[in-house]
Amino acid sequence: MPMQEAVRTLLEGMGEDPGREGLEKTPERVAKALKFLTSGYGQDPKALINEALFTVSYDEMVLVKDIDVFSLCEHHLLPFHGKAHVAYIPNGRVVGLSKIPRLVDMFARRLQVQERLTVQIAEAIQEYIQPRGVGVIVEAMHFCMMMRGVEKQNSVALTSCMLGGFRERQATREEFLSLVRSGGRLGA
Ligand SMILES: [Zn+2]
């Protein structure tokens, strides 16, 4: 169990006693948690999207917003979390809506930097759905900033990736941004 061994070594490095009661099972728990939080490595975005690609004549923007994002920053192995907003304009094909949050999870459950996470989501949609354009915005708070006394506890990092029509047409970008900003949550 090399991961568990490594956690024991970390605990010792912190000046802890890995043998004390409260820590006895910690290496096992941490290894299990880390495996789950990085389970995206074993998943294939192409297979996920191909499971639910449908031919349609709909050619207006499709937007799934406020998707929860939980990821680990690759620099500190600390969490960052926030929301992703994903939009595309179909070109004869759409993907089942539930696949979009799963695609986000797939890339978020890897060691990440927020910029790359944003681009990977957009590029996967571009490549496997081949729409007229894709827009992805991720807003997130990073524990490595919040917990280490940078005194920026409430700052949110914003990243975006615009491809195709979202890059070329300002009107498309503006529609995307205004839909993301508008409330529009059922019951709210
Ligand atoms: Zn970090």
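Analyst: A helix here is a DSSP run of H or I with at least four residues, numbered from the N terminus. The model discussed is predicted.

User: Which helix holds Ile129?

Analyst: Ile129 belongs to helix H5, residues 114-129.

User: What makes Ile129 buried or exposed?

Analyst: Its relative accessible area is 1%. Buried requires under 20%, so Ile129 is buried.

User: Which residues does Ile129 touch, not counting residues up to four places away in sequence?

Analyst: Ile129 touches Ile49, Leu53, Tyr88, Arg93, Val95 and Ala124. Each counts as a contact because heavy atoms lie within 4.5 Å.

User: Why is Thr172 called buried?

Analyst: Thr172 has 3% relative accessibility. The cut-off is under 20%, so Thr172 counts as buried. Thr172 lies in helix H8, residues 170-181. Leaving aside neighbours within four places in sequence, Thr172 is in contact with Met61, Ile89, Gly165 and Phe166.

User: What makes strands E2 and E3 a pair?

Analyst: Pairing needs at least two bridges found by DSSP. E2 (residues 62-73) and E3 (residues 79-89) have nine bridges, in the antiparallel sense, so the two strands pair.

Methods. Residues numbered from 1 in each chain as written. Predicted model: local features only at pLDDT ≥ 70, side-chain atom pairs only at ≥ 80, totals over all residues. Heavy atoms only, no water. Buried < 20%, exposed > 50% of the residue type's maximum accessible area, 1.4 Å probe, protein only.
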